[in-house]
Amino acid sequence: MARWCYRHRLVVLFLWVGALFGLGAAGSAAGTDYANVFSLPDTDSKTAYDLMTKAFPQSAGDTDTVVWKVEEGSVRDESVRSRIEPALKEIAAMKGVGEVTDPYAAQGAAQISEDGRIAYAQVTFAEQANAVPKELIEDVVDTAQAAERDGLQVELGGQAIARTQEPPQGTAELVGIVAAAIVLFLAFGSLFAMLLPLVVAIAALGTGLMATSLLSHVTDVPEVAPLLGSLIGLGVGIDYALFIVTRHRRGILRGMKPEDAAVTALNTSGRAVLFAGGTVCIALAGMLVMNMRFLDGVVIATSLTVVLSVLAATTLLPALLGMLGMRVLSRRQRRRLAANGPESAEASGLAARWSSYVEKRPRTIAAGALVVMLILALPVLSIRLGATDQGNHQESQTTRQAYDLLAEGFGPGFNGPLQVVVEKGDAQALATTIESTEGVAQVAAAPPTNGISVIQVVPTTSPQSEKTDQLIDRLRDDVIPASGTEAHVGGVTAVFKDFAAVTGDRLPYFVATIIGLGFLLLLVAFRSLVVPLTAALMNLVAAAASFGVLVAIFQWGWGTELIGIGKEGPITAFLPVIMLSLLFGLSMDYQVFLVSRMHEEWVHTRDNARAVRVGLAETSRVINCAALIMICVFSAFVLSGDMEGAMAGIGLAAAVALDAFILRTALVPAAMHLLGKSNWWLPEGLEKRLPHLAVEPKEDEPAPVAAEADGPASAVHGFVRDEDGEPVEGASVTLLSRGGRQLDRVVSLADGSYIVSVPAPGTYLLAATAPSYGSRAGHVVVGEGPLVYDVELAEGEVDAVN
């Protein structure tokens, strides 16, 4: 497939452009129909919601609030009324506004605080928040705030109003792409190579978001799903393309033609990308175990984006590589390749030095890395799940000001009232009992409708307070059962409390599912029990540490105002499930790319120390580069204007940083050095029963003379001579695998003799070069014994390797 896409690049490019513009046109015409369905089956709040829907079938549109406060005097003063009342009448007359409840009317007396300094009006739109035109919302805000004067503060709150504070759509994605572009350019040193991963990721992300918007018309897709789809899609899209482009460039630098290098890259790193994408989708699908309708749409959006990212990396990318040819290298690299010939396949530089250091001091590095991760994980012991609201917005935003004014004038619990829905029994008697219950500030019972009574209960504490959760438990466990009525506690605060409780109860099953599936995949891929077990433990450590960082920032408030994300509060109830899915998927990506290279070396040499050293040296740089890109992309989602998006972005950025820079480049290789050959142990009975799944195939397939890739080691030896038969001293002789990986390298002696070691029978490439001579390269087939192979070099000969 890679070769077909490479050769038919214009066809592939046309298909992708057509899909992008076609879905874009369809999405623009159809619009979106996102629905936030937080209710849970078999919970008290869901029963209350169903009863209220039955009693009030004609649900109104979104209700928002206009709040005003006077510094001196009362809101009833004529000087205040003369400014506020005309503004409210103007708002009520706007097309798209259903009604405005006026606190100056007879029925609105309760909308003025006891001290008379704060009042509010409720603006009910004809549509829900997402469907209200943004121009209408802005007109409401401008009209209300135009009534301000010295000593009179006017603020607005509500879901529709919050839309006016959102940054321009795509800001977070644009910042992430720019940051990723800088990292890619520093890594590749080539403008064209830098653009490849970005183009692939944007194509996948664009088609994914448009397809998600269309799917929102046929299934429940929550509003946060496209944001999370962008978050994961942009990260994996760039990373998957990065792994393949890096392998492609390495092949060209080692003497392969661009087409062969692209095919080899897709047949090796491309397979790993396919496997890694599958693991991410499996981890995301694990959310279905939670049996929460809200998460179903998240699974659809994120999995679709990941699938399209893999598809773009394996089809669009080879087509783009075909269009660039040698220009995928920088000019300096092309000049060096033409002047000096293929570069050495042996890893060098900082990555190689670090790999050797880990090999020498595995115990010290493993202990240090583990201590760091455990310290960072400590805050997770105090994690509290709940919901964020407008009280967590930045202090400068009108929604936060309105929230604070309502809390000041009517009590902290006013922003999150509870609804006690009475199905059978004396609702008035229950209301009287609730009014005398500890933690209740205010109770108002509405007249029965369709046999259903609703009692609104305002707690004395804020919606995010633990005492509010205790009040809900007290009402459900003590007050309502003792009253003899059949009633249920609902409302947004109760829904999120139930959401957090259900999440906590089902989380162990979810974690066990995704760890078990990941274990089985790695078991089949690497034919080992220890490697997948190590990966599972490392994933748990990474998850604990990343959630520790999340708790410290968002729950404890360490730096929330500094980075502009508002006030601290509980961790959003659904975030652990989403984050764990993404984290386990991304961690598995890095584990696959790291261990697949180690496994390949192990198959060739049966030397665990060399396998771990070479695997780390050759993959750590690209893994760290990929992680740095993901950190930039995820961190940029702080600018999304969405608290859940900011939490997910910072949590995943921390998780990727810890996973890549501490776990995969320090703790995992150190542990594998300490475990030795037991890393690759698999019971013989299990080996026979497991299916064979090649993550990254061996680059040098065995020759017909020797079918066993792990056969006895051998050698190739002979002499290097010139055209006159004279020995060539100091010639460099290199043994390479078919894919260009260096296996051994020696320098010929004074008599021209050389000997290179061969790990196993098979077909290899032997290259020789010397100053003043052209290079010579040819395939050698090695059997069970040593092979004699003489090399003749000629002066001024064309470089055969290139």
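Okay, let's start with Arg3, which is partly exposed at 33% relative accessibility. For that scale, buried is under 20% relative accessible area, exposed is over 50%, and partly exposed is in between, using a 1.4 Å probe and protein chains only.

Quick housekeeping. This is a predicted model, where local features need pLDDT of at least 70 and side-chain atom pairs count only at pLDDT 80 or more, while totals for chains, interfaces and linings use all residues. Residues are numbered from 1 along each chain as its sequence is written, and side-chain values use heavy atoms, leaving out hydrogens and water.

Back to Arg3. What does Arg3 form a salt bridge with? The partner is Glu259, and the closest N and O atoms are 3.0 Å apart. Arg3 sits in helix 1 (residues 2-7) and Glu259 in helix 10 (residues 258-285), so this pair ties together parts that are 256 residues apart in sequence. By salt bridge I mean a side-chain nitrogen of Lys or Arg within 4 Å of a carboxyl oxygen of Asp or Glu. Helices here are DSSP runs of H or I, at least four residues, numbered from the N terminus. There's also a network of salt bridges linking Arg3, Arg7, Glu259 and Asp260.

How many salt bridges are there by this rule? The count comes to 13. Another one joins Glu85 and Arg81, with closest N and O atoms 3.1 Å apart. Those two are four residues apart in helix 4 (residues 78-92), so about one helical turn separates them. Arg81 is partly exposed, with a relative accessible area of 25%.

Then look at Arg613 and Glu359, whose side chains meet in a salt bridge at 3.1 Å, N to O. Arg613 is in helix 21 (residues 608-635) and Glu359 in helix 13 (residues 350-360), so they tie together parts 254 residues apart in sequence. Both are partly exposed: Arg613 has a relative accessible area of 24%, and Glu359 has 26%.

Now the rings. The structure holds seven aromatic pairs, meaning rings of Phe, Tyr and Trp (its six-membered ring) with centres within 6.5 Å; planes under 30 degrees apart are stacked, over 60 edge-to-face, and the rest tilted. One of them is Trp602 with Trp680, stacked at 5.8 Å centre to centre and 15 degrees between the planes. Trp602 is in helix 20 (residues 575-605), while Trp680 is in the loop between helix 22 (643-675) and helix 23 (684-689), 78 residues apart. Buried or exposed? Trp602 counts as buried at 9% relative accessibility, and Trp680 is buried with a relative accessible area of 9%.
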